[in-house]
Amino acid sequence: MGAEYQSPAALYEAAKRVRDAGFKRWDVHSPFPIHGMDDAMGLGKSWLSAAVLCGGITGFITAMTVEFGPSWFIYPLVVHGKPFDWRTVPAFFPIMFELTVLFSAFTAFFAMLIMNGLPRWYHPIFNWERFSRATDDGFFLVIEARDPRFTEMEAREVLEQTGGQHITLIHED
Amino acid sequence: MDASPTAPDVIAGEASASVERPLARVPLVLNKRNFTWITERISGVVEETAPRWWWVSFTFTSLIAAFGLFCLGYQISTGVGVWGLNHPVGWAWDITNFVFWIGIGHAGTLISAILFLLRQKWRTSINRSAEAMTLFAVICAAIFPGVHVGRVWMAWYLAPLPNNYGIWPNFRSPLLWDVFAVSTYFSVSVLFWYTGLIPDLATLRDRSTAKIKKFLFGIFAFGWRGSNRNWRHYEMAYLLLAGLATPLVLSVHSVVSFDFATSILPTWHTTIFPPYFVAGAIFGGFAMVLTLLIPARAIFKLQDVITAQHIDKMAKIILLTGSIVSYAYAMEFFVAWYSGNQYEKFAFFNRIFGPYWWYWWTGMLFCNALSPQLFWFKWCRHNIFVVYFVCMCVNAGMWFERFIIIVGGLHRDFLPSSWGLFIPTWVDIWTFVGTFGIFTSLFLLFIRYLPMIAMSEIKIVLPEADPHYGTPQQHHPVAAGGKERN
């Protein structure tokens, strides 16, 4: 069940009320991220950073392998008189840095998509004709029927009390 | 850049919106435009039919691009002999153009990443097009090292793979670092740009009425629905990408400068090169951003979004980086004299009075060192024609600077018997002109088919985007400190 709000401020206040009412499966939709909304919804900090750290470490290890492997073990070759012992390590830093950044960035992008369940080209919410404004100037709050506390009465009541307009029951198909 | 009001004429209209703010600032979006206006205006550029001037300029630039590609084909099929470079000038326009284009890209990443981390909200109206410019500039840059190896089908030697003798590339060579740096830079820039595009592609998807457009925008928007549970991860990803791109952009031109600094040639063998190149890259890049945006904002009537304040701030960055570059020029001369090394001294004497003297006097001295000093004056920063003139000077000057460093360093080396000059051939010239065709064609396609301003980001800087907007009584510390994203 979805409702539309007039402004980010109204949506922000509504989110706090819905959170305090004890709903779990609900979401707000806005054309831009609203500052403080994570707290208003009772969400913690995104753990995407942990995935990116793993990606960065993988990149660093890849760089080490690709540099030390050939230069020290597979085909040691003295090029313009540079030694290939530990003294050569600073010359390996740029590629270590680049690959760490490269792998981290790819992880950040793809982990963001996976954690958001994207790409997902079909979603029941797109059946709501007002919802196309969620990427323009509309501010929406949607409580899912899967929510353990969900009853049509109660959801409608909380949405009405918080000033929601165009309260609509959105169907799966 | 300072955030204090710079355009007093626009403060008057702002007073009401900033009543609850402790410090009044010049609004980043003028005339109190609302969310709907932003969507309409920016999507409108993409949705209306292409104007005639677009077709005329696109035909013109793509013809130039096509001729540039023909020159590349001619060079690949015939050999590098069709270029004017020869002993002693083994690197000439190819590497000059490479450094020139890769430097231009840097401004885009600076705007999108560094200014994001520094919470400079004014970046939101220019970051999308600046990032697009970065990508196109890096594409143009990547052409030159690719083809200057001569036998391009051997370019796979650059990859970390053993060749047919089992020998691996030299991981201690700055040229190989360059391969990694530029390819990483391009990949990360694409990811960063695309991450920013996803919400805006969803906007275009929801607005488009034509079925095929809706389908295509829908595919590329990945089904984005502006959910806050998604925004949470999205904002973290964007922040991390900005954090990764920040050291990356500083490293790329540093690595490019290592190509020169690790050699033993006078004028190349200097430790000042990495910061000097990075400052120069940002300097030249901002000039190119303004070169593209000043006409675009006039044509598409975006003066309320890309305001005089934005141009003023970019002009100040040009002044800052231009002064750093001028300092580096001066320091090179001082060190050449102070080192007491006769080759260094000669090389710098030759830079001013040698056969390429006018490149230095016009390119480095007038265009790069003197012309940006006009931006000390507010009148100059607010006069579009002065700004455009300085940007054009800087665009040209930065190309001359790279030419002076590369060819100027090579044409008179240690042995006078091997001295020579570089004279470009028509293939040299048209390959370079062709990359301008590629660059402008890609940029024209970009402004036709994608939103040139980040709609989802610019909406955040409107006062009503604040969740505490309109409730002046309970003053929230977060809103007061201006700690919103961007």
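**Close-up 1. A cis proline in chain B.** B:Pro88 sits in the loop between helix H3 (52-78) and helix H4 (93-117) of chain B. Helices here (H or I, at least four residues) and strands (E, at least two) are DSSP runs, numbered from the N terminus. The peptide bond leading from B:His87 into B:Pro88 is cis, with omega near 5°. A note before going on: this is a predicted model, in which local features need pLDDT of at least 70 and side-chain atom pairs count only at pLDDT 80 or more, while totals for chains, interfaces and linings use all residues. Residues are numbered from 1 along each chain as its sequence is written, and chains are lettered from A and ligands numbered from 1 in the order in which they are written.

**Close-up 2. Two loop residues of chain B with positive phi.** What is the phi of B:Phe222? It is about 60°, a positive value although B:Phe222 is not a glycine. You'll find B:Phe222 in the loop between helix H7 (211-221) and helix H8 (228-261) of chain B. With 18 other C-beta atoms within 10 Å, B:Phe222 is partly exposed. For the cut-offs, a residue is buried if 20 or more other C-beta atoms lie within 10 Å of its own, exposed if 12 or fewer, and partly exposed in between, with C-beta atoms placed from the backbone. B:Lys301 is another residue other than glycine with a positive phi, near 55°. Its loop runs between helix H9 (273-299) and H10 of chain B, and B:Lys301 counts as exposed, with 11 C-beta neighbours inside 10 Å.

**Close-up 3. Helix H11 of chain B and its buried face.** Helix H11 (residues 342-353) of chain B has twelve residues and spans 16 Å from its first C-alpha to its last, close to the 16 Å expected at 1.5 Å a residue. That expected span is 1.5 Å times one less than the number of residues. Which residues of H11(B) are buried? They are B:Glu344, B:Ala347, B:Phe348, B:Asn350 and B:Arg351. Looking down the axis of H11(B), these buried residues fall within an arc of 155°, so they line one face of the helix; the arc is that of the directions from the helix axis to the C-beta atoms. Turned away from that buried side are the exposed residues B:Gln342 and B:Phe353. The buried residues pack against helix H10 (308-339), helix H12 (357-370) and helix H14 (384-410) of chain B.

**Close-up 4. The four-stranded sheet of chain A.** Here four strands make an open sheet in the order E2-E3-E1-E4, with antiparallel pairing. Strand E2 (26-29) and strand E4 (165-168) of chain A are the edges, each pairing on one side only. On average, neighbouring strands are turned by 15° against each other, direction ignored. Two strands count as paired if DSSP finds at least two bridges between them. Strand E1 (residues 2-5) and strand E3 (residues 139-143) of chain A pair over four bridges in the antiparallel sense, and A:Tyr5 has A:Phe139 in E3(A) as its bridge partner. Helix H5 (residues 152-161) of chain A packs on the sheet, touching E1, E3 and E4, and its direction makes about 170° with that of E4(A). Axes are lines fitted to C-alpha atoms, for helices over the stretch in contact, and angles run from 0 to 180 degrees between N-to-C directions.

**Close-up 5. Strand E3 of chain A, covered on both faces.** Five of the five residues of E3(A) are buried, so the strand is largely enclosed by the rest of the structure. A:Phe139, A:Leu141 and A:Ile143 lie on one side, with A:Phe140 and A:Val142 on the other. E2(A) also pairs with E3(A) in the antiparallel sense over four bridges, and A:Asp27 stands opposite A:Val142.

Close-up 6. Helix H4 (residues 93-115) of chain A has 23 residues and reaches 32 Å from its first C-alpha to its last, close to the 33 Å expected. In H4(A), 17 of the 23 residues are buried, so the helix is largely enclosed by the rest of the structure. After H4(A) comes A:Gly117, whose phi is positive, near 65°. How many residues of chain A are in contact with chain B? There are 61, meeting 58 residues of chain B, where contact means C-beta atoms, placed from the backbone, within 7 Å. The largest share of that side of chain A, 15 residues, comes from H4(A).

Terms used
Contact = placed C-beta atoms within 7 Å.
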